Amino acid sequence: MGWWFGLKLWQRVLIGLVAGVAFGLTVSKVMGQDAATLWISTWVQPVGTAFIRLIQMLIVPLIFTTLVSGVIAMGKPSKLGTLGLKTIALYLVTTLFANIIGLTFGTIFRPGVGADLGNVEAVPVSTEAPSIIDRLLEVIPTNPIAALADGNVLAIIFFSVFVGVAILATGKSGKPVGDLFNSAADVVLKITHYVMEVAPYGVFALVSYTAASQGLESLQSVLVLIVAVYLGLITHALITYGFLIRVVLNLPLTRFFRGLTDPIAVAFSTASSSATLPVTIAAAEDNLGIKKSVAGSVLPLGATINMDGTALYLGILALFTAQAFGYDLTFMNYVMIAVTAAVVSIGAAGIPSASLFLLAIVLQTFDVSPEHIAIIVGFILPVDRIMDMARTAVNVTGDAAVATAVAKWEGELDEDVFRAPAKV
């Protein structure tokens with residue numbers, strides 16, 4: 001097995017991904033889809049579930065320790081203000097471009113025209129969304145320990161910033177606590193590297209189940225939609241992030257994507273921004289040269305509020321719905337779809353298929369009937385995972401692009417590390 005571990009991690013993950021697809025399709029062909037799905041879910045998928053749980057195990061301690069350590073590394077709390085403003089502004093700008101690209105590709109490909117929605121099992125979903133005030137108040141934890149236990153990322157970020165600022169303000173007597181958090185962050189990142197050795201096997205298990213349960217036949221009815229989503233996401237990654245990295249920051253674009261090989265592979269296979277966060281932080285620091293003061297704050301925030309892929313996807317799905325059911329859209333409808341998709345994507349949970357259930361809120365902008373919403377969700381749900389994998393990879397890439405920009409503007413980017421060969 002020496003040759004196996006001699007391969008780069010991303011190569012092993014890619015082998016696991018391809019082998020998982022081949023295995024799932026083969027077993028489905030031999031045993032039949034239902035029997036294969038049951039067999040793989042019983043004997044193979046638990047390996048993937050174990051991998052997901054290992055990564056989830058790291059999310060809370062990683063955010064807490066790296067963010068506190070990052071605030072301490074800033075040296076002065078005042079830097080938080082400019083860093084936070086730049087981060088949120090960039091996230092909003094990239095989401096705006098994602099909306100425009102999504103609506104453009106939905107208009108060009110017209111994936112809903114001629115879609116056969118017959119015999120679809122409707123899936124009713126709620127059209128209610130929490131108010132902005134409620135979302136803001138949820139950021140402040142009434143019990144920090146409960147927030148850590150529940151994995152409430154925004155509340156953890158809020159509390160971690162306070163802890164870091166307090167340590168800085170305390171001065172000499174707070175230094176031992178600061179040293180503890182710095183050491184803890186290094187330990188958790190080391191555990192992340194250990195867990196990533198399991199990634200190829202977890203990816204194989206996760207993808208084989210997806211391939212067996214969905215097969216190729218189920219993709220035919222939504223093939224145009226899948227193509228439109230994938231091309232839109234690739235275009236957004238190359239043009240929006242490419243412009244930011246290559247033109248605005250004057251950094252090598254190929255090296256940027258190369259440095260993100262591991263988190264992109266994990267994001268694609270797990271379809272979870274939150275589960276990929278430990279890998280993203282490790283790659284940002286090791287491969288992109290982003291200092292922990294930025295990586296530990298910008299990336300966790302991005303995994304929670306920066307969902308460019310989701311916003312793009314919701315825009316295309318809204319047009320798919322309008323085209324499938326014959327709704328006539330005005331220019332103002334397009335504007336409302338873009339704005340609403342951006343807003344609800346901020347509240348999207350970083351877990352598989354969560355954004356699909358936000359579609360109902362976007363569709364309310366042009367008065368889609370509850371029956372049509374239920375039919376669309378039921379139609380998309382069986383194959384949503386295929387598209388979710390790609391949009392999660394774009395979400396993670398966007399987080400890293402913004403973190404790179406903020407790090408350079410704040411003087412927290414080691415360009416020698418960025419331009420050196422990636423550690424993948």
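**Salt bridges**

The structure holds eight salt bridges, a salt bridge being a side-chain nitrogen of Lys or Arg within 4 Å of a carboxyl oxygen of Asp or Glu. This is a predicted model, in which local features need pLDDT of at least 70 and side-chain atom pairs count only at pLDDT 80 or more, while totals for chains, interfaces and linings use all residues. Residues are numbered from 1 along each chain as its sequence is written, and side-chain values use heavy atoms, with hydrogens and water left out.

Select Glu 197 and Arg 12. Their salt bridge has its closest N and O atoms 2.9 Å apart. Glu 197 sits in the loop between α9 (175-196) and α10 (199-214) and Arg 12 in helix α2 (residues 9-31), so the pair ties together parts that are 185 residues apart in sequence. Helices (H or I, at least four residues) and strands (E, at least two) are DSSP runs, numbered from the N terminus. Arg 12 is buried at 4% relative accessibility, whereas Glu 197 is partly exposed at 33%. Here buried means under 20% relative accessible area, exposed means over 50%, and partly exposed is in between (1.4 Å probe, protein chains only).

Next, select Glu 410 and Lys 86, whose side chains form a salt bridge of 2.8 Å, N to O. This pair links distant parts of the chain: Glu 410 is in the loop between α21 (384-409) and α22 (415-419), Lys 86 is in helix α5 (residues 78-109), and they are 324 residues apart. With a relative accessible area of 14%, Glu 410 is buried; Lys 86, at 29%, is partly exposed.

Then go to Lys 292 and Asp 186, where the N to O distance in the salt bridge is 3.9 Å. Lys 292 belongs to helix α16 (residues 292-305) and Asp 186 to helix α9, and the pair links distant parts of the chain, 106 residues apart. Both are partly exposed: Lys 292 has a relative accessible area of 24% and Asp 186 one of 46%. To finish with the charged groups, select Asp 384, Asp 388 and Arg 391, which salt bridges with shared partners join into one network.

**Positive phi**

Which loop holds Ala 271? Ala 271 is in the one between α14 (261-270) and α15 (273-286). Its phi is positive, about 55°, although Ala 271 is not a glycine. The residue is buried, with a relative accessible area of 1%.

Now select Asp 367, in the loop between α19 (359-363) and α20 (370-380). Asp 367 also has a positive phi, near 55°, and is a residue other than glycine. Is Asp 367 buried or exposed? At 63% relative accessibility, Asp 367 counts as exposed.

**Helix α12**

Show helix α12 (residues 223-248), where Ile 234 is found, and pick His 236 in helix α12. His 236 is buried, at 0% relative accessibility. What does His 236 touch, leaving out residues up to four places away in sequence? The list is Thr 94, Phe 97, Ala 98, Ile 101, Tyr 241, Asp 308, Leu 312 and Val 394, with contact meaning heavy atoms within 4.5 Å. The side chains of His 236 and Asp 308 are also joined by a polar contact of 3.2 Å. A polar contact is a pair of N or O atoms within 3.5 Å; within protein, one must be able to donate a hydrogen and the other to accept it, and residues adjacent in sequence count only if both atoms are side-chain atoms.

Move to Ile 234, which is partly exposed, with a relative accessible area of 45%.

**The whole chain**

Zoom out and colour by secondary structure: the protein chain has 22 helices and zero strands. Its C-alpha atoms fill a box of roughly 70 × 55 × 45 Å along the principal axes. Of the 424 residues in the protein chain, 53% are buried. Among contacts between residues at least 6 apart in sequence, 85% join residues at least 24 apart.
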